[in-house]
Amino acid sequence: MNQFLEFAIDLAEKLQGQTSTNPSVGAVIVKEDRIVGFGAHLKKGEAHAEIQALKMAGEEAKGATIYVSLEPCSHYGMTPPCSKSIIDHEINAVVYAVKDRSLNKSGHDMLVEAGISVTHSPSTRAEQLYESFFVQQELEMPFVTLKVSTSLDGKVATDTQESKWITGKDVKQDVLKLRSNHDAIITGGETVRKDNPLLTSRTESYREPQRVVLTRKSHFVESLDIFNDEQKPVIIITDQSNFKITKNQNIKLKKLDELNLKAALHYLYTEGYSNVMVEAGPNLISQFIEQNLVDQLIIYQAPKMIGGQGKYQYYQTHDVYPLSEAKQFKIISTDIIGEDVKIVLRK
């Protein structure tokens, strides 16, 4: 693949997760084999990558080639269409890595009609980068990653609820980084009550995700650490009309007439959370899997056999399904992290 297009994709990857429900995009402008401008979409509502690159290139943009990780947009939204700006700056050629399936009108066609040479140069790496964006656009729900730390026999805890630590310290560090790559972390009320987790990235250089708790009970005790963060409130989604918040709990409350996962996810999407990760107990994990709401599954597996009666097997159902109806995932990658294995799967 062309090195300049690779650079554009690199820019997009570095800023993934910062643009809310907009896609992260990188753009590079090249003239006579020299980079004269580059840019990335930094935040929803701000200038797109192409506009940033054109501003840097200035007069040098005339007759140049622009390399973009995603097909330039053609519609008026919070910002003008990038295709029009490319045309106005008299760019000679456009090369992009991924066709934008969310566009009603093709930016590719708009550019061709203006006499600009346009090339779609497919990239598997870029396709994976934008897979979550297309899911969000089609369903109006965030891309959901489910994270599980488990033993070889699928337990997230012993039958006596012992769970620290099934996996090793290297996995713990990887999870902190994984959290920072998501807009929000979702957990269940019972997990908060039993484990008192913080669900933060705990690293200065990492972004802190929004924490979201789903509960059908009407309150949380005041001593739980997660609600004592003065800087950032925790979103609680509940169907309890009489939910009580004490004066020391920093909580943003969202009441739904009926607490169901699709409604909760749609609400988070409308609030600008486009990539969310679920860290929860077997009950909530099983609900996400059963309702086919898991787009990506990340399993950290320790080389341990816990045994017991399986009270904390991470996926549990009341019904026994035939193998022909089993939930099917595709393995994307496997890595060794310390003594444990990290498996990334997509549905």
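This note sets out numbered points on aromatic pairs, an annotated site and some backbone features of the model.

1. Basis of the note. The structure is a predicted model, in which local features need pLDDT of at least 70 and side-chain atom pairs count only at pLDDT 80 or more, while totals for chains, interfaces and linings use all residues. Residues are numbered from 1 along each chain as its sequence is written, and side-chain values use heavy atoms, with hydrogens and water left out.

2. Aromatic pairs. Rings of Phe, Tyr and Trp (its six-membered ring) pair if their centres lie within 6.5 Å; planes under 30 degrees apart count as stacked, over 60 as edge-to-face and the rest as tilted. By this rule there are five aromatic pairs. One of them joins Phe7 and Phe38, whose ring centres are 5.6 Å apart and whose planes meet at 55°, so this pair is tilted. Distant parts of the chain are linked in this way: Phe7 belongs to helix H1 (residues 3-14) and Phe38 to strand E2 (residues 34-40), 31 residues apart. Helices (H or I, at least four residues) and strands (E, at least two) are DSSP runs, numbered from the N terminus.

3. Buried means under 20% relative accessible area, exposed over 50%, and partly exposed in between (1.4 Å probe, protein chains only). Phe7 has 26% relative accessibility and therefore counts as partly exposed; Phe38, at 35%, is also partly exposed. A further aromatic pair, Phe133 with Phe134, is tilted, with 5.4 Å from centre to centre and 55° between the planes. Here Phe133 is buried because its relative accessibility is 6%, and Phe134 is buried at 2%. Elsewhere, ring pairs connect Phe220, Phe227 and Phe243 into a cluster.

4. The annotated site. In an unreviewed UniProt entry, the annotation "binding site" covers Ser163, Arg179, Arg202 and Glu279. From this set, Ser163, Arg179, Arg202 and Glu279 are found in the lining of the largest pocket. UniProt positions are given in the numbering used here, feature names are shortened, and annotations may be inferred rather than shown by experiment. A pocket is computed on a 1 Å grid over the protein atoms alone, as an open set of points where a 1.4 Å probe fits, with protein on both sides within 12 Å along at least five of seven lines; lining residues have an atom within 4 Å of a point.

5. Which helix holds Arg179? Arg179 is placed in helix H6 (residues 169-180), and its 8% relative accessibility makes it buried. Contact means heavy atoms within 4.5 Å. Leaving aside residues up to four places away in sequence, Arg179 touches Ile185, Leu199, Thr200, Ser201, Arg202, Pro209, Met277 and Glu279. Arg202 sits in the loop between helix H7 (189-195) and strand E8 (210-215) and is partly exposed at 44%. With the same exclusion of residues up to four places away in sequence, Arg202 touches Lys172, Leu176, Arg179 and Glu208.

6. Backbone features. The peptide bond from Lys164 to Trp165 is cis, with omega near -10°; Trp165 lies in the loop between strand E6 (143-150) and H6. Asn196, a residue other than glycine, has a positive phi near 50°. Asn196 belongs to the loop between H7 and E8 and is partly exposed at 27%. Phi of Asn292 is likewise positive, near 55°. Asn292 occupies the loop between helix H9 (282-290) and strand E12 (296-301), and at 47% it counts as partly exposed.
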